[in-house]
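Colleague: Hi! Could you walk me through this model before I set anything up?

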Amino acid sequence: MQRYILIRVLQAIFVLFAVSIIVFALARASGNPLILMLPLDAEPEAFEILAEHWGLDQPYHIQYWRFISNAVQGDFGDSFKWPGHTAIGLVSTRLVASLQLILTALILAAIMAVVLGVITAAAKDTPLDFVGKIFALMGQSAPNFWIGIMLIWIFGVELGLLPTSGRGGISHMILPVITIGWFEVAAIMRLVRSSMLDTMDSEYVKLARIKGVSERKIIWKHCLRNAAIAPLTYFGVIAGALITGSVIVETVFAWPGIGLLAIQAVLARDLQVVQAVAMVFAVGFVGLNLIVDILYAYLDPRIRYG
């Protein structure tokens, strides 16, 4: 087990290193940020002075070494767009709002997906199973930005029941949480249903029924645990998708989180903030998948590196 975990940790570190190179390169491929920081009629000397101040006059390999050596210490430099603010400071401030949205959607999606997946599997080929399939199909077919716009139009504009933008109380969270979580509920629910159907058809389940074990105990105690391995593996991908998918949802609902900050930083060519946001996304995605891989090994002792 220890060797398996060590290998997975080393792989995660390597992935983050590769991501840092890609992020560094793409941030600079978007254009020269000095063009937005200086007036159009600025003298060439002004560009040279500002480039020297931000270290943009150095060769790329030196810029990257400075970036990665500071990044491992949590220092991504000062923001170009928001003077007086550090990049990681801006990200930290907005991260709280994003986590509020993401964690709520993640918890609700996991609970709803497991419950609906088990119920539709137990009620196979019934009207309830048919409704569940339609719900899953809609959740996986419709893009989340379209779902968000439709929810705003129906519940915000037409019915006037819920606020359509900004961060506030629970009422402000309902529409964005539904938008960001519907796809995840549908995806995990279908996987749970499929895994449950395979497990319910196994020999040990048939033996439990012959022994007179109640159907509820068979489904919720014996079947669910064995059927949870495949959904748990996919759950790491879903959790990472929630993090990156927050960019679109936060933009649609003007939610002041890290996703909206990413859009603003890209438009302003704020390299420092773009790099900070991208690395925070990467750490979150890789970290969640690392946790899932470790849990996966605990659930199934056969999962080992030889």
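Colleague: Let's begin with the largest pocket. Which element gives the largest share of its lining?

Modeller: That would be H4, with four residues of the lining. Keep in mind that this is a predicted model.

Colleague: What volume does the largest pocket have?

Modeller: About 320 Å³.

Colleague: How do the lining residues divide into nonpolar, polar and charged?

Modeller: Seven are polar, six are nonpolar and four are charged.

Colleague: Thanks! Changing topic to helix packing: at what angle do H5 and H8 cross?

Modeller: Roughly 35°, with the axes of helix H5 (residues 87–122) and helix H8 (residues 170–200) coming within 6 Å. The crossing of H5 and H8 is right-handed. The contact of H5 with H8 involves 22 nonpolar residues, along with five polar and two charged ones.

Colleague: Nice. What about confidence, what pLDDT does the chain average?

Modeller: The protein chain averages 80, and 90% of the residues score at least 70.

Colleague: Which elements have the lowest and the highest mean pLDDT?

Modeller: Helix H2 (residues 34–37) has the lowest, at 66, while helix H7 (residues 144–158) has the highest, at 87. Where pLDDT is low, the predicted coordinates should not be read in detail.

Notes: Residues are numbered from 1 along each chain as its sequence is written. This is a predicted model: local features need pLDDT of at least 70, side-chain atom pairs count only at pLDDT 80 or more; totals for chains, interfaces and linings use all residues. Side-chain values use heavy atoms; hydrogens and water are left out. Axes are lines fitted to C-alpha atoms, for helices over the stretch in contact, and angles run from 0 to 180 degrees between N-to-C directions. Helices (H or I, at least four residues) and strands (E, at least two) are DSSP runs, numbered from the N terminus. A crossing is left-handed if the near helix is turned anticlockwise from the far one by less than a right angle, and right-handed if clockwise. Ala, Val, Leu, Ile, Met, Phe, Trp, Tyr, Cys and Pro count as nonpolar, Asp, Glu, Lys and Arg as charged, and the others, Gly among them, as polar. On a 1 Å grid over the protein atoms alone, a cavity is a set of points where a 1.4 Å probe fits but cannot get out, and a pocket is an open set with protein on both sides within 12 Å along at least five of seven lines; lining residues have an atom within 4 Å of a point. Grid points are joined across faces, edges and corners, and a volume is the space filled by probe spheres set on the points. pLDDT is the predictor's confidence in each residue, from 0 to 100.
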